[in-house]
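The entries follow in the order I made them.

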Amino acid sequence: MATSDGLAPWPSLPEAVPERLRLLVVEDDASVRNALLTLIAGASRETWAVDTGAAAMELLAREPVDLVLLDINLPDMTGLEVLRRAREAGLKAMVIVVSGDDSIDSAITALRLGAHEYIRKPFEPAALQRSVDNALTAHRLARENCLMRARLEHSERLHRYLVDHSPDLIFTVDPEGRFWYVNERFSTLLGYSRQELAGAHYAAIVHEEDLARAARVFHERRTGERATRNVELRLKAKPAQDRGPMEPASVIVSVSAVGIYGAEPEGAPLERRFLGTYGVARDITARKRAEQIIAFHAYHDALTGLPNRALFLDRLKQAIAHARRHQRRLGVLFVDLDRFKLVNDTYGHLKGDLLLQHTAARLRKCLRSTDTLSRIGGDEFLALVSDLESRDDALAVAKKILHELNQPFFLGDGEFTIGVSVGIAVHPEDGTSEEDLIRNADIAMYHVKRRGKNAAAFFSADMSASFSERIQLENDLRGALQRSELELHFQPIHNVRTGGIERVEALLRWRHPVHGLLAPGRFISIAEETGLVHAIGDFVLQSACAQLERWRAGGFADLGMAVNLSPREFDRLDLVDRVIDAVQRHRLPPQALEVEITENVLIEDVDVVARKAALLREHGVSIAIDDFGTRYSSLAYLQSLPISVIKIDQAFVRDLGQKPESHAIVAAMIGIARGFGLGFVAEGVERAEHLDCLTGLGCDVMQGFFFSRPMPAAEMGAYLARHRGG
């Protein structure tokens with residue numbers, strides 16, 4: 001039976017677009033599920049929510065759903081499996097993946113399975129709402145388009161309308177590959193009119209590098225299942241002044257094509273019946289560029305754009321294979337900035353990021369185009385320098401890096417100089433695998449750090465042994481407090497004029513079960529690097545104050561205690577509160593405690609130290625500068641800091657009586673202290689001639705082996721008793 005317009009009856013029609021749209025949230029986290037339901041609710045929307053993949057599949061099979069917000073990590077199956085099953089079942093709902101899964105593979109797989117968009121948690125509510133609105137709009141348009149296609153499939157006029165307004169490129173070419181028909185989409189997507197392409201060869205719009213692949217598409221003669229499906233090609237857009245600057249110069253399409261055959265007699269040869277090729281090309285530019293962006297971020301550092309550790313390892317592996325084949329050397333340089341933390345703390349993280357970007361640019365200048373530079377995190381960089389004639393070639397690159405990074409940086413607030421430590425490992429002498437070369441370059445870099453920074457060094461076997469011992473010490477130190485292996489020893493500070501002991505200095509020791517009694521020089525730098533120094537500092541402060549409380553209660557009421565603070569302690573915002581808490585907890589007068597700081601602390605950040613030292617002085621705690629005179633700018637500190645005492649370093653005391661210049665230096669320091677109204681203590685007094693020289697210079701307060709070595713608390717108590725009353 002024919003209809004009034006002469007068309008055959010409709011075999012079946014899709015449902016009309018419903019007035020109320022149906023949305024499904026698949027999310028196992030109740031709080032996130034409720035938040036999503038709130039965000040997508042609307043007067044013309046009906047919403048459901050489930051928490052498992054099985055429940056989602058059951059509802060999708062039962063109810064017509066327009067849009068699904070799908071999590072990947074579900075309790076019974078992954079969201080990707082739900083998406084795959086839904087597509088296999090022919091379900092047409094739009095899908096937006098909303099997941100905390102940051103796997104690049106998950107994002108790419110979701111897009112390939114037909115997800116409309118991939119949104120990572122945590123998401124911006126407004127952005128998610130826009131994505132939902134856009135997806136629903138696209139879904140509505142797709143439904144409407146499908147409805148029109150079914151109703152107008154027998155109308156040539158309406159068929160042509162649909163073809164011309166298709167979002168896909170639709171074309172036919174003759175057996176020679178010349179365009180016979182193109183739809184209007186060629187004009188809107190590529191800028192070519194029908195008149196321009198009529199009779200033109202397909203090569204005019206195909207990217208030159210894709211021509212070989214395009215030949216089997218545009219000359220396709222097969223039909224049915226054997227015909228070409230989804231071949232990716234790049235098509236050239238028409239160059240024109242009226243095309244906007246953001247419009248791409250080429251478009252990536254996925255092309256499917258079949259052969260067209262005419263109504264020749266059945267027995268006629270195929271060559272006579274073949275008319276040309278019919279094809280459909282879908283624009284996949286946005287999807288391919290999204291995949292490229294995802295892939296780029298998977299292998300590059302977001303801040304600097306440099307290869308990340310994964311890509312560096314891959315290139316290093318290839319370089320090692322090349323070096324083995326051609327009997328060549330290659331070098332791995334581990335580069336670490338020396339004062340990056342100071343930039344972050346002083347100028348903020350934005351300026352710190354800017355410094356890292358400038359550093360990356362300078363490092364690139366030091367390398368060849370064939371070398372690889374990588375940022376592997378924080379302020380650490382790796383450089384791969386291949387095809388070296390000798391080890392000296394790697395050292396030459398390291399020297400270029402040192403020179404380049406020692407030049408001042410301009411961060412908008414004046415000049416800033418950082419310095420850099422470089423460790424070098426050369427293949428094959430220093431390692432034959434990627435892991436060995438990177439590890440050994442790292443060890444060499446740490447060796448430079450311990451030797452004073454801002455230099456370069458090759459890896460050597462003795463460094464590895466030292467590093468292994470250091471790693472073992474670090475592991476042991478992590479449990480030293482819990483095992484009660486840390487203890488305090490005490491050294492008296494004598495007043496030779498009165499004959500009494502003014503105070504004692506608390507000195508940390510580690511009674512290691514294997515190495516015996518260790519001084520701080522063996523382990524305190526490890527504690528500072530690992531952050532253990534804060535817990536150790538609390539132990540020293542509390543233990544010293546507790547011991548002083550016991551001695552003062554036992555009859556030494558005027559005794560004071562000197563405690564050293566690590567430079568890292570001044571990074572803590574609660575430093576002053578912790579010191580005052582220790583004094584008050586053990587019922588000590590604040591003036592009984594003397595906090596010693598080294599000039600290294602002042603070099604790091606004198607303003608921060610000055611503020612915290614001033615607060616301690618306001619509470620009555622005494623401040624002493626230890627190792628005075630070992631840095632060039634000591635006098636400036638005396639003017640800016642609320643110092644009570646200076647301690648003359650043993651390096652100057654050691655040569656008293658032997659070198660006249662030492663006598664003059666110590667005399668000058670004593671004069672400086674008196675001029676500023678400060679107390680002073682001479683450290684390292686070991687011989688009678690030291691005592692005589694210092695007494696002659698007017699220095700009465702001293703400490704050193706001449707009087708006593710550091711001793712445990714029990715021995716120190718007995719020592720105090722012997723010297724009671726002076």
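I looked up W510 first. I find W510 buried, with a relative accessible area of 0%. The model is predicted, so I treat each value here as computed from it. F523 is buried too, and its relative accessible area is 0%. Buried here means under 20% relative accessible area.

**Ring pairs**

How many aromatic pairs are there? I count nine aromatic pairs. I took F171 and F179 next. Their ring centres are 6.2 Å apart and their planes stand at 90°, so I logged the pair as edge-to-face. Over 60 degrees is the cut-off for that label. F171 is buried, and F179 is buried as well.

Then I went back to W510 and F523. Their ring centres lie 5.4 Å apart with the planes at 80°, so this pair is edge-to-face. W510 belongs to strand β19 (residues 500-512), while F523 sits in the loop between β20 (516-518) and α18 (524-530), so the pair ties together parts 13 residues apart in sequence.

I also checked for a cluster of rings. Ring pairs link F171, F179, F186, Y202 and F218 into one.

**Charges over rings**

I looked for charged ends above rings. R221 has its charged end over the ring of F274, 4.1 Å from the ring centre. R391 lies over the face of F458, and the distance to the ring centre is 4.5 Å.

**Helix α19**

I moved on to α19, which covers residues 533-553. The helix has 21 residues. From first C-alpha to last it reaches 30 Å, close to the 30 Å expected at 1.5 Å a residue. Which residues of α19 are buried? I listed V533, I536, G537, V540, L541, A544, C545, A546, Q547, L548, E549 and W551. An α-helix has 3.6 residues a turn, so residues three or four places apart point the same way. G555 follows α19, and its phi is positive, near 120°.

**Cavities**

I found two cavities of 30 Å³ or more. The largest cavity holds about 60 Å³ of space. Its lining is L60, V68, L70, V82, L83, A86, R87, L91, A93 and V95. β3 (67-70) and α3 (79-88) each give at least two of the lining residues. The largest share, four residues, comes from α3. By class I noted nine nonpolar residues, no polar and one charged.

The second largest cavity has a volume of about 40 Å³. What classes make up the lining of the second largest cavity? I get ten nonpolar residues, no polar and no charged.

**Second largest pocket**

Last, I looked at the second largest pocket. About 2,000 Å³ of space lies in it. The pocket is lined by 42 residues, and the closest to its centre are M94, G114, A138, A142 and R282. The elements giving two or more residues to the lining are α4 (104-112), α5 (125-151), β9, β10 (274-283) and α11 (285-299). α5 has the largest share, with ten residues. I sorted the lining into 19 nonpolar, ten polar and 13 charged residues.

Terms used: Residues numbered from 1 in each chain as written. Predicted model: local features only at pLDDT ≥ 70, side-chain atom pairs only at ≥ 80, totals over all residues. Heavy atoms only, no water. Phe/Tyr/Trp six-rings, centres within 6.5 Å; stacked < 30°, edge-to-face > 60°. Buried < 20%, exposed > 50% of the residue type's maximum accessible area, 1.4 Å probe, protein only. Lys NZ or Arg CZ within 6 Å of the ring centre and 35° of its normal. Expected span 1.5 Å × (residues − 1). 1 Å grid on protein atoms, 1.4 Å probe; cavity = no way out; pocket = protein on both sides within 12 Å on 5 of 7 lines; lining within 4 Å. Points joined across faces, edges and corners; volume = space filled by probe spheres on them. Nonpolar A, V, L, I, M, F, W, Y, C, P; charged D, E, K, R; others polar.
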